[in-house]
Amino acid sequence: MTATKTKKQKKAKGGDKALLRNKHVLYEASVQSPDADLSFFRRVFKRHRKADFRRFREDFCGTSLLSATFVKRHADNVAYGIDLDGPTLAWGREHHIGPLGDAGERVVHIQDNVMTADVPPVDVACALNFSYWIFKERATLLAYFRAVRAGLDEGGVFFVDAFGGQDAMDDGKEERRITDGKTPDGNKVPNFTYIWDQAKFNVCNHDILCHIHFKLKGGKKIKKAFTYDWRFWTLPEIRDLMIEAGFASTEVYMEGWDDDADESDGIFRLRKTMENDSSWVAYVVGLT
Ligand SMILES: C[S@@+](CC[C@H](N)C(=O)[O-])C[C@H]1O[C@@H](n2cnc3c(N)ncnc32)[C@H](O)[C@@H]1O
């Protein structure tokens with residue numbers, strides 16, 4: 001900071017510093033790829049419906065980054081973001097929706113339970129980052145899928161993600177260096193480490209307890225920034241429940257492997273069979 005900066009500017013800089021360490025900023029930089037998700041939804045929706053979608057429901061929206069990104073992509077796009085947590089919604093309104101100006105009015109926040117929220121009908125609904133795994137009982141997940149199905153217009157499509165593989169059921173921590181994080185106002189987040197911690201897995205009922213920790217530049221740690229007490233659902237269970245909830249059919253999309261880079265290739269393709277990799281992420285799609 002230079003000596004010529006005014007008090008007001010100093011305050012703004014201090015504010016930015018806090019934003020660089022904010023748990024929502026770190027979370028979004030670590031696990032969210034809104035443009036990639038929305039482009040995937042568009043590709044699948046177009047394959048089946050030969051059109052683009054304009055009305056979108058983001059369940060468990062958290063900071064509603066996905067909804068904000070959706071309305072930015074087209075002037076007719078409208079998004080409904082549903083989440084129970086008022087402060088998280090407010091953070092998203094301040095940092096993602098407010099800055100959109102008039103376009104921000106096309107993101108409608110509904111602070112409610114996804115199971116019972118009153119949401120206008122949409123073309124596409126989603127529950128990402130495994131949020132629906134909060135529903136541990138079969139009957140509860142079925143009721144949730146039924147609620148989503150009832151909220152879809154004719155031809156509507158529902159997207160969820162899931163993870164699995166032998167490693168996914170092991171206790172243990174996985175670290176990833178995040179080098180491309182940006183705050184919502186476009187400042188670069190100093191490189192940091194994201195730690196996915198699978199603390200407990202119960203083989204009897206597939207309860208899984210996970211935490212996210214962050215290790216920041218300078219050594220500061222944010223332990224248990226987020227904790228998830230979930231049931232680990234398998235792909236056939238999810239697909240069967242979607243059908244039982246009234247979806248006409250389901251699809252699974254998974255990434256391929258790039259041998260040269262020795263990592264997944266980032267392209268989600270429709271799969272009927274798949275190798276038994278030690279760890280994987282998939283989208284499960286419910287078609288009406
Ligand atoms: C893992 S975050 C998901 C954030 C974002 N959707 C993403 O893809 O990263 C889970 C969110 O679900 C919300 N949540 C949990 N149970 C809920 C429920 N029954 N209805 C609505 N929101 C719920 C929490 O408040 C939290 O913001």
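The chain of this predicted model is divided into two domains. Domain 1 takes in residues 23-163 and 234-287, while domain 2 covers 166-230. Their C-alpha centres lie 20 Å apart.

Next, the interface between them. On the domain 1 side, 23 residues make contact, and they meet 26 residues of domain 2. The size of an interface is often given as the accessible area lost when the parts come together. Here the two domains bury about 1900 Å² between them. Carbon and sulfur atoms account for 69% of that area. Three residues of domain 1 stand out: Leu26, Lys136 and Phe163 supply 29% of the area that domain 1 buries against domain 2, more than any other three residues.

Polar and charged groups also meet across this interface. Five residue pairs are in polar contact. Two salt bridges cross between the domains. Lys136 also forms a salt bridge with Asp207, with the closest N and O atoms 3.3 Å apart.

Now turn to the ligand. It is surrounded by 15 residues, the closest being Tyr27, Phe60, Asp83, Asn113 and Asn129. By type, the shell comprises seven nonpolar, five polar and three charged residues.

Which atoms of the ligand lie 3.0 Å from the side chain of Asn113? A nitrogen atom of the ligand sits at that distance from a side-chain N or O atom of Asn113. Val114 uses its backbone instead: an N or O atom there is 3.0 Å from a ligand nitrogen. The side chain of Asn129 places an N or O atom 2.9 Å from a ligand oxygen. On its own, the ligand has 600 Å² of accessible area, and the protein covers 84% of it.

Technical notes. Residues numbered from 1 in each chain as written. Predicted model: local features only at pLDDT ≥ 70, side-chain atom pairs only at ≥ 80, totals over all residues. Heavy atoms only, no water. Near = heavy atom within 4 Å. Polar contact = N/O pair within 3.5 Å; in protein donor to acceptor, adjacent residues only side chain to side chain. Areas by Shrake-Rupley, 256 points an atom, 1.4 Å probe, with all protein chains shown as cover. Nonpolar A, V, L, I, M, F, W, Y, C, P; charged D, E, K, R; others polar. Domains from an automatic or database assignment. Contact = heavy atoms within 4.5 Å. Buried area = accessible area lost by both parts, 1.4 Å probe. Salt bridge = Lys/Arg side-chain N within 4 Å of Asp/Glu carboxyl O.
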